[in-house]
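Subject: Structure handover

Hello,

Here is the structure I said I would pass on. My notes on it follow below the files.

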Amino acid sequence: MSSPNPQSGSPDKEPASEAQAAQESLDNTERAEDATTPQAGSATATPGDAAEPKPSLGRLFVANLWAANTVTVTVLSLVLAIVVGAILMIISDPEVLSTYSYITARPSDALNASWTLVSEAYANLFKGSVFDPEAFSGWLNGSNGWQAVLAPISETLTYTAPLVFTGLSVALAFRGGLFNIGGQGQATVGVVLAALAGFALPLPPGLHLLVAVLAGALGGAIWGFIPGILKARTGAHEVIITIMLNYIGTYLLTWLIVQNGVQDPNRTDAISKAVDPSAQLPRLLGDNLRVHAGILLAVLATWAVAWLLNRSTLGFELRAVGANPDAARTAGISVARTFVLIMVFAGLLAGLGGANMVLGSTASALTPLVVAQIGFDGILVALLGRLKPWGVALAALLFGALQAGGNRMQSYSGISLELVTVLQALIVIFIAAPALVKAIFQLRAARAARLQTSLAKGW
Amino acid sequence: MEPGEIHALLGENGAGKSTLMNVLYGLYQPDEGEILVDGEPLKLRGPSDAISAGIGMVHQHFMLVPVFTVTENIMLGAERTRGGLAGFLDRRRARREVVEVSERYGLRVDPDAVIEDLPVGIQQRVEIVKALTRDVDLLILDEPTAVLTPQETEELLTVMRSLKAAGKSIVFITHKLGEVKAIADRITVIRRGKTVGTASPEASRDELAALMVGRNVRLTVEKAAAKPGKPVLEVAGLVVDDDRQIRAVDGMDLTVHAGEVLGVAGVQGNGQTELIEAIMGLRPTLAGSVTLDGEQIDGWSTKRVLRAGVGYVPEDRSVDGLVKEFSVAENLVLDIYDRPPFAGGLALKRDAIAASAKERIEQFDVRTSSAAMPVGTLSGGNQQKVIVARELSRPLKLFIAAQPTRGVDVGSIEFIHSQVIHERDIGTAVLLVSSELDEVLGLADRVAVMYRGRIIGIVGPDTPREEIGLLMAGITPEAATEQAEARPATDGDAPTSEEEE
């Protein structure tokens with residue numbers, strides 16, 4: 001840049017002419033478009049931004065979530081989580097940690113011990129969730145059947161199915177501008193109604209399963225309707241209401257299990273009667289593998305939610321309300337009605353997720369922990385899937401794999417299952433803070449800046 | 001920029017005026033280039049750097065805390081403490097400074113008044129005093145007249161002249177040509193982030209406008225005489241509250257005929273917004289009635305009002321008019337998405353939506369690279385055209401346009417105005433609300449002046465601006481009362497309502 005003449009240097013004009021000069025120099029290059037687009041974008045965006053009210057926290061969060069280059073950031077978040085996980089494994093293993101006390105004398109000891117621990121743990125994570133080469137060679141030389149080869153996948157899909165539902169539940173509500181923290185409660189009430197229908201109603205096979213699944217959906221829908229109608233009618237914040245309903249749902253379950261007619265008469269501990277076989281989701285790959293028809297329902301639900309969001313009038317309303325409720329109202333969309341519908345649908349999905357937990361192969365009776373953490377995990381899955389239906393399904397698959405593999409990691413490597421939970425949390429933290437990931441990996445912004453300065457100098 | 005100079009920065013919306021000034025004030029960091037003060041390059045890391053370099057700014061949207069007093073707002077960010085002890089505010093000294101500065105520059109403000117009780121013009125004055133207490137030499141005024149009455153604008157111009165006489169330099173950002181000519185010593189015109197020319201205030205309006213948009217534009221609206229038909233919209237005795245439960249529309253009567261443009265003039269905040277929202281079913285009516293083509297529509301849902309043949313351009317397009325994340329095509333069906341041919345049953349017909357979007361984009365000259373672009377990426381003018389296209393694409397009985405050209409570039413203004421007149425000529429009743437008096441006078445066949453929730457007078461578009469300005473300020477000359485459509489009883493009530501407030 002030539003230094004401007006101080007005499008004519010009126011301060012208000014300088015940035016304009018400087019920018020102009022920079023732009024002109026860039027116009028000559030092939031990269032002109034890449035380099036100037038962000039500039040032009042920020043220039044046109046800023047006056048508009050100033051004129052707008054601050055967007056709600058939720059909308060800001062969604063915009064942030066989508067602004068990042070999703071695939072790259074997701075992959076890098078995974079890598080980061082794995083690295084941090086490795087460090088945690090080393091720290092939490094006293095034997096390996098002790099080798100670090102003499103690391104200056106014999107660094108190879110510490111490095112070898114760490115490498116063995118970490119690589120074996122992650123290998124077991126993989127073998128438990130995707131593919132175990134030993135089982136494959138065992139199948140080839142006849143020492144075990146084909147089921148052993150598919151066992152990891154079967155486990156992964158079993159854990160995946162309920163997470164798809166709860167993930168979709170959270171994602172759907174989020175797209176409509178609502179924080180559904182109540183997936184856990186909705187899934188709990190879903191599991192209760194599904195189980196009751198499963199052991200209390202004497203129905204023929206087929207119909208019995210259908211009724212039980214629908215009962216689960218109904219339970220969730222009721223638990224979603226409550227915060228929906230309260231928000232629409234009274235303006236009560238759905239986050240507060242759904243959290244409270246989580247507690248109510250959980251204790252409803254704990255109370256119900258020990259009631260007469262529900263508790264298993266042969267047991268003294270808190271467990272209900274078992275769901276009739278006629279109401280259980282059929283297993284897909286024989287009785288030895290746990291994967292059941294729930295995963296097919298999950299795929300169907302993903303497709304249905306994708307259609308609902310993008311191709312239906314209801315989805316149009318939902319997205320409009322989620323993105324700009326004022327504009328939606330002005331365009332004649334009933335925001336209150338949409339809020340109620342969103343929460344009913346979200347609850348319905350979470351209820352189906354709950355139904356999976358008792359009608360599938362993970363459990364066949366109600367216990368206080370029958371729904372595990374699927375409601376809360378659903379929030380993570382929804383965020384990891386960027387609130388898009390098929391993204392949610394993939395995220396659920398990843399979380400399912402982590403849980404399936406975590407079981408093997410625990411039994412073979414002695415790494416506690418909680419590490420998997422920590423890994424899941426880390427992944428989501430990195431995804432929710434894309435700027436952090438980008439800073440760690442020196443992504444685009446930094447590279448673009450370097451490119452721009454070199455171009456400006458070069459030309 | 002020289003000392004004691006008023007330098008006007010003129011440009012269309014989105015030309016980069018505000019961005020440039022935000023860079024100058026340290027709010028944004030420049031990607032390239034530098035700022036020179038007295039020949040020295042200046043690195044601004046934030047507004048505090050700018051203030052210490054002697055640069056002050058009055059934003060388009062005031063940066064005041066509504067529940068604080070004038071003094072508290074002025075000391076905010078540079079709090080005086082008692083004996084230098086953190087946590088002990090020295091209000092008395094701060095108050096003294098405020099009084100001193102406001103007296104020195106002839107800017108009368110009550111240091112103890114609470115901001116939210118003050119009219120907009122005074123709030124702006126507080127902003128100016130705030131900047132002056134920081135000892136600035138260069139004052140940036142970002143679109144200062146957008147919210148003022150003609151009288152308040154005149155006062156502001158006087159203030160600017162006295163600041164100039166005191167040796168302060170002023171950067172005056174605007175897109176109103178008249179004010180620029182009245183006050184500026186030098187004019188810089190900006191287009192698309194570049195300086196396209198410097199002009200002297202002697203340049204004609206047409207020349208300046210041409211510089212702004214890069215081609216010659218018509219500033220007057222050409223139209224034939226109106227052929228008013230039967231009354232379409234009749235508002236009688238309407239009472240509406242605003243969000244704070246304060247009476248905004250107070251027993252209002254209004255009639256709009258088919259084939260005429262009724263312009264509602266008035267300073268913002270006199271009930272215009274609430275009137276329109278009540279007609280649209282967005283705000284409950286407390287008394288009175290709204291009749292559309294003989295059918296009473298108050299109490300109807302917004303959807304039903306829209307279906308009955310009312311088109312509506314809301315005054316704040318980014319809040320009420322558009323879903324920015326949605327594509328242009330989706331925004332073009334935002335209020336008819338559930339109607340054939342765009343939907344069948346529960347399913348959206350995306351082909352029909354896309355085909356219609358293509359047609360509208362062409363017909364209404366929306367400049368976008370594709371119908372699938374998020375509407376938020378378009379310029380203000382093109383966003384507005386999307387709304388106008390949407391609303392004028394179905395048969396209407398009544399077309400309500402609130403601030404249809406606010407923050408819109410001159411080229412789009414011209415286009416939108418011609419569309420409004422075209423809609424009038426095919427027999428639609430048009431209700432136009434605008435705080436731009438030029439726009440109202442240019443488009444309207446009758447001008448209704450709204451003051452404190454009532455129509456204070458209805459005059460012809462040829463009425464002198466001064467007279468309308470007085471009406472906007474609530475002063476009814478005899479001439480205006482005679483033409484007022486409202487019953488004498490309504491006029492008689494006017495003083496009482498003032499007393500109530």
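This is a predicted model: local features need pLDDT of at least 70, side-chain atom pairs count only at pLDDT 80 or more; totals for chains, interfaces and linings use all residues.

Chain B overall

The secondary structure of chain B amounts to 19 helices and 20 strands. Of its 501 residues, 49% are buried. If one takes the contacts in chain B between residues at least 6 apart in sequence, 67% of them join residues at least 24 apart.

The mixed sheet in chain B

Six strands of chain B make an open sheet, ordered S14-S17-S18-S11-S19-S20, with mixed pairing. Its edges are strand S14 (310–313) and strand S20 (454–459) of chain B; each has a single partner strand, so one side of each has no neighbour in the sheet. Direction ignored, neighbouring strands of this sheet are turned against each other by 20 degrees on average.

Within this sheet, strand S11 (residues 261–265) and strand S19 (residues 446–451) of chain B run parallel and are joined by four bridges. Leu262(B) has Arg446(B) in S19(B) as its bridge partner.

Buried residues in H17(B) are Ile468(B), Gly469(B), Leu470(B), Leu471(B) and Met472(B).

The antiparallel sheet in chain B

A four-stranded open sheet in chain B has the order S10-S9-S12-S13 and antiparallel pairing. S10 and strand S13 (295–296) of chain B are its edge strands, each pairing on one side only.

Strand S9 (residues 231–241) of chain B pairs with strand S10 (residues 247–257) of chain B in the antiparallel sense, over eight bridges. One bridge sets Pro231(B) against His257(B) in S10(B). S9(B) is also joined to strand S12 (residues 287–292) of chain B by five bridges, and these two strands run antiparallel. Here Val239(B) stands opposite Ala287(B) in S12(B).

Helix H9 (residues 272–279) of chain B lies across S9, S10 and S12 of chain B. The angle at which H9 runs to S10(B) is about 65 degrees.

A helix pair in chain A

From chain A I have one helix pair to report. The axes of helix H15 (residues 335–359) and helix H16 (residues 374–384) of chain A come within 11 Å and cross at roughly 125 degrees. That angle is why H15(A) counts as oblique to H16(A). The crossing of H15(A) with H16(A) is right-handed. On the H15(A) side, the contact is made by Ala350(A), Gly353(A) and Met357(A); on the H16(A) side, by Ile374(A), Gly375(A) and Gly378(A). By type, the residues of this contact are three nonpolar, three polar and no charged.

Regards

Methods: Residues are numbered from 1 along each chain as its sequence is written. Chains are lettered from A and ligands numbered from 1 in the order in which they are written. Axes are lines fitted to C-alpha atoms, for helices over the stretch in contact, and angles run from 0 to 180 degrees between N-to-C directions. Angles under 35 degrees count as roughly parallel, over 145 as roughly antiparallel, 65 to 115 as roughly perpendicular and the rest as oblique. A crossing is left-handed if the near helix is turned anticlockwise from the far one by less than a right angle, and right-handed if clockwise. Two residues are in contact if their C-beta atoms, placed from the backbone, lie within 7 Å. Ala, Val, Leu, Ile, Met, Phe, Trp, Tyr, Cys and Pro count as nonpolar, Asp, Glu, Lys and Arg as charged, and the others, Gly among them, as polar. Two strands pair if DSSP finds at least two bridges between them. A residue is buried if 20 or more other C-beta atoms lie within 10 Å of its own, exposed if 12 or fewer, and partly exposed in between; C-beta atoms are placed from the backbone.
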